[in-house]
Amino acid sequence: MDYRNETWVVEFYFIGLTNHFHHQVVLFLIFLIVYLVTLLGNLGMITLIWMDSRLHTPMYFFLSHLSFVDICSSSATGPKMLTDIFVEKKVISFLGCAVQIWLSGQFVVTECFLLASMAYDRYMAICKPLLYTLIMSQRVCVQLAVGPYAVGLISTVTHTTFTIHLPYCHSNIINHFFCDLLPVLSLACADTHVNKNLLYIMAGALGVLSGVIILVSYIYIIVAILKIRSAEGRRKAFATCSSHLTTVAILYGTLFFIYVCPSSGFSLDINKVISLFYTAVIPMLNPLIYSLRNKEVKDAFRRTFEKKKFLLSR
């Protein structure tokens with residue numbers, strides 16, 4: 001079909017979260033606090049890892065990248081959502097929408113594969129401790145960190161390119177608070193089966209691949225932990241993985257409900273709530289999980305605080 005004579009959409013409007021003023025005030029304060037905690041928590045984690053030499057290990061190298069991805073993921077949607085809450089016409093340009101689709105997808109995919117790299121790192125540390133420093137060299141760590149960014153870039157550029165080349169000639173009102181892929185595709189005045197099938201195939205393949213890496217790594221880790229004779233040794237080995245497992249469970253559980261169960265009767269309003277969770281809440285939770293459940297991070301924070309206190313008292 002020829003779409004050259006159609007009137008193309010040049011901007012989109014978000015319905016947003018609510019039109020009630022009191023609800024808007026409450027949501028603005030909540031999400032402002034969440035965004036600030038996300039920035040401070042993740043920047044603090046990156047700074048702490050950079051300052052404390054005892055944290056210059058592969059595990060914390062990947063954790064610093066996870067914190068960077070969380071900052072970027074939250075910033076891809078957070079500032080726009082905050083500025084739109086009190087605005088009657090929540091508008092975004094066509095190009096701005098395309099950039100938001102790309103960035104939001106980029107960092108979700110990157111985070112999934114960073115978690116897979118972290119699972120592989122834990123596997124090497126627990127199952128092959130004598131070879132750990134030899135195998136997890138600086139070169140390997142850089143490759144395991146760059147790989148997730150590359151996979152995320154290839155995936156999201158593909159989806160974004162296919163999406164922006166669709167004609168949008170009817171409604172330009174998005175029932176969401178940011179340019180998520182499925183709500184935008186629903187506005188196209190063309191057959192989007194190819195786009196949706198591509199999304200489900202690629203999301204499924206990438207999700208299964210990263211999930212299998214994590215699952216297989218932890219099967220070997222659990223087997224290795226069970227072979228440790230002392231209860232204290234098993235507890236310490238499992239403690240190094242508990243924060244990572246918590247993060248994996250939260251992220252993958254959220255993505256499962258968005259992309260695996262879209263046809264199970266979920267309304268768009270529920271989709272908004274779940275989207276809020278992975279775009280705003282999860283990036284805030286990750287540094288809290290790794291700081292509250294990780295003894296090395298708590299010890300590093302205490303050492304840094306005491307050092308600063310000593311310097312200020314001189």
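Reply: Buried means under 20% relative accessible area, exposed over 50%, partly exposed in between (1.4 Å probe, protein chains only). Bear in mind that this is a predicted model, where local features need pLDDT of at least 70, side-chain atom pairs count only at pLDDT 80 or more, and totals for chains, interfaces and linings use all residues. Residues are numbered from 1 along each chain as its sequence is written, and side-chain values use heavy atoms, with hydrogens and water left out.

Me: How many disulfides does the structure hold?

Reply: A disulfide is a pair of cysteine sulfur atoms within 2.5 Å. Here there is one disulfide: the sulfur atoms of Cys97 and Cys179 sit 2.0 Å apart. The pair ties together distant parts of the chain, 82 residues apart, with Cys97 in helix α3 (residues 94-127) and Cys179 in the loop between β3 (173-174) and α6 (181-185). Helices (H or I, at least four residues) and strands (E, at least two) are DSSP runs, numbered from the N terminus.

Me: Is Cys179 buried or exposed?

Reply: Buried, with a relative accessible area of 0%. As for handedness, the torsion about the S-S bond of Cys97 and Cys179 is about -120°, so this disulfide is left-handed.
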